[in-house]
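Welcome, and take a moment to look over the structure shown here. We will start at a single residue and then walk through the rest together.

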Amino acid sequence: MCVFGTLLPFTQLIPWVDKGAVRNEMVLEEINNYACFGNMVTTFYDRSMIDSYGYSQLENIPVSDFLLNQCRELVYHRKVFIFPPWESIYENDIERKQDFHEAVATYHEMVDAYKNFGYDLVEVPKVSVKARAEFILNTLDNG
């Protein structure tokens, strides 16, 4: 069943208080996103179930069989665009609490996680937003 709109009261979940609970809510959100948009049309996801696995690895949160099964069962396009950390434009805000060092560590965990589940990563270059969009569209057009 697909539920539109956020399922999670993220404002009530504080990662530095209970990282496991946040990860579990991320898993539920990704299951819902996949149910809503999985194979209907071309969809760009900001993150996927694999990110929940990568976050678990980063934060040393035990990975359940359920999460591993979801990572295997919720299959996305094998080509995944990944944006490397870019220090000169990196800023913290109300939702981004990680410092740049943590962002780099997160990036490496995500790279490992996606490769672990057989995805092909395409690194998006550090160029303007317009040039990045064009890069992605050109990459899609060229298979």
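Let us begin with N60, which is exposed at a relative accessible area of 70%. Here buried means under 20% relative accessible area, exposed over 50%, and partly exposed in between, with a 1.4 Å probe and protein chains only. N60 sits in the loop between α2 and α3. Although N60 is not a glycine, its phi is positive, at about 55 degrees. Most residues other than glycine have a negative phi.

Before going further, a word on what you are looking at: this is a predicted model, in which local features need pLDDT of at least 70, side-chain atom pairs count only at pLDDT 80 or more, and totals for chains, interfaces and linings use all residues. Residues are numbered from 1 along each chain as its sequence is written, and side-chain values use heavy atoms, with hydrogens and water left out.

How confident is the predictor? The pLDDT, its confidence in each residue on a scale from 0 to 100, has a mean of 85 over the protein chain, and 86% of the residues reach 70 or more. Where pLDDT is low, the predicted coordinates should not be read in detail.

Now for the overall layout. The protein chain has five helices and two strands; these are DSSP runs numbered from the N terminus, with helices (H or I) of at least four residues and strands (E) of at least two. Along the sequence they follow the pattern α-α-α-β-α-β-α. The chain has 143 residues, and 34% of them count as buried.

Next, look at the aromatic rings. How many aromatic pairs does a search of the whole structure find? There are four, counting rings of Phe, Tyr and Trp (its six-membered ring) whose centres lie within 6.5 Å; planes under 30 degrees apart count as stacked, over 60 as edge-to-face and the rest as tilted. One of them joins Y45 and Y76, whose ring centres are 5.3 Å apart and whose planes meet at 80 degrees, so this pair is edge-to-face. Y45 lies in the loop between α1 (19-37) and α2 (49-59), and Y76 in the loop between α3 (65-73) and β1 (79-82), so the pair ties together parts that are 31 residues apart in sequence. Y45 is partly exposed at 26% relative accessible area, whereas Y76, at 11%, is buried. Another edge-to-face pair is made by Y114 and Y119, because their planes stand at 75 degrees, with ring centres 5.7 Å apart. Both partners are covered: Y114 is buried at 8%, and Y119 is buried at 4%. Y45 and Y76 also belong with Y34 to one aromatic cluster.

R78 lies over the face of its ring, 4.0 Å from the ring centre; to count, NZ of Lys or CZ of Arg must be within 6 Å of the ring centre and within 35 degrees of the ring normal. R78 also brings us to F117, as their C-alpha atoms are separated by 9.5 Å although the residues are 39 apart along the chain. F117 is in the loop between α4 (100-116) and β2, and it counts as buried at 14% relative accessibility.

What about opposite charges? Side chains of opposite charge can pair when their charged atoms come close. The structure has two salt bridges, each a side-chain nitrogen of Lys or Arg within 4 Å of a carboxyl oxygen of Asp or Glu. In one, K19 pairs with E59, with the closest N and O atoms 2.7 Å apart. This pair links distant parts of the chain, as K19 is in helix α1 and E59 in helix α2, 40 residues apart. K19 is partly exposed at 32%, and E59 is partly exposed at 25%.

The side chains of D46 and R47 also meet in a salt bridge, at 3.0 Å from N to O. D46 is exposed at 66% relative accessibility, while R47 is partly exposed at 40%. R47 is placed in the loop between α1 and α2. R47 and M26 are 21 residues apart in sequence, with 9.7 Å between their C-alpha atoms.

Key. pLDDT = per-residue confidence, 0-100.
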